[in-house]
Amino acid sequence: EHILEKGFLENPPPVKVKGKRGRAKQSKAKNLAGPVEKPPAGNPCLHVRFLLIIICERDLRMIKVKQKISGVFRSDRGAKMFCRIRGYISTARKNSRPVLDAIIKSALEGNPFIPEF
């Protein structure tokens, strides 16, 4: 909640210009923070859930783009292989590892990158 308060202070609501009709345009940061501002029933756990949804949506977007370009996955095996590779790439990026190094140098040499928890 403290982080959200600081974010709202740094991104105040826009000032309405006289003579213009409609709502004033909000910043991108304010639009992103909008759904987090008032969670249902005041449950702070929903803030964390919202952030996880954003991260998951970013990972799922590539799968949807792949389906859109090629039409469909030709087999379940191909879809599983694609998801496994994309998951590995996503994990490497989230752990600040160079993707090509993680794939070529580590995985293909039999020493795959495995994140530490």
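Q: So what does the secondary structure come to, in helices and strands?
A: The protein has 5 helices and 0 strands, where helices (H or I, at least four residues) and strands (E, at least two) are DSSP runs numbered from the N terminus. This is a predicted model, so local features need pLDDT of at least 70 and side-chain atom pairs count only at pLDDT 80 or more, while totals for chains, interfaces and linings use all residues. Residues are numbered from 1 along each chain as its sequence is written, and side-chain values use heavy atoms, with hydrogens and water left out.

Q: How much of the protein is buried?
A: Buried residues make up 13% of the 117 residues. Buried means under 20% relative accessible area, exposed over 50%, and partly exposed in between (1.4 Å probe, protein chains only).

Q: Let's look at α4. What length should that helix have, and what is the span between its end C-alpha atoms?
A: Helix α4 covers residues 76–94, so its 19 residues should span 27 Å at 1.5 Å a residue; the expected span is 1.5 Å times one less than the number of residues. Its end C-alpha atoms are 27 Å apart, which agrees.

Q: Which residues of α4 are buried?
A: Those are A79, F82, I89, S90 and A92. Seen down the axis of α4, they fall within an arc of 160 degrees, so they line one face of the helix. The arc is that of the directions from the helix axis to the C-beta atoms.

Q: And what's exposed on the other side of α4?
A: D76, R77, K80 and R84 are exposed there.

Q: Where does S96 sit?
A: S96 is in the loop between α4 and α5 (99–107). Its phi is near 55 degrees, a positive value in a residue other than glycine.

Q: Is S96 buried or exposed?
A: S96 has 68% relative accessibility, so it counts as exposed.

Q: Pockets next. What volume does the second largest pocket have?
A: About 240 Å³. A pocket here is an open set of points on a 1 Å grid over the protein atoms alone, where a 1.4 Å probe fits, with protein on both sides within 12 Å along at least five of seven lines; lining residues have an atom within 4 Å of a point. Grid points are joined across faces, edges and corners, and the volume is the space filled by probe spheres set on the points.

Q: Which elements give two or more residues to its lining?
A: α3 (45–70) and α4 do. The largest share of the lining, 7 residues, comes from α4. Among the lining residues are R58, I63, C83 and S90.

Q: Last one: what does P14 touch beyond its neighbours within four places in sequence?
A: P14 is in contact with A24, K25 and Q26, contact meaning heavy atoms within 4.5 Å. P14 and K25 are 11 residues apart in sequence and 6.7 Å apart in space, C-alpha to C-alpha.
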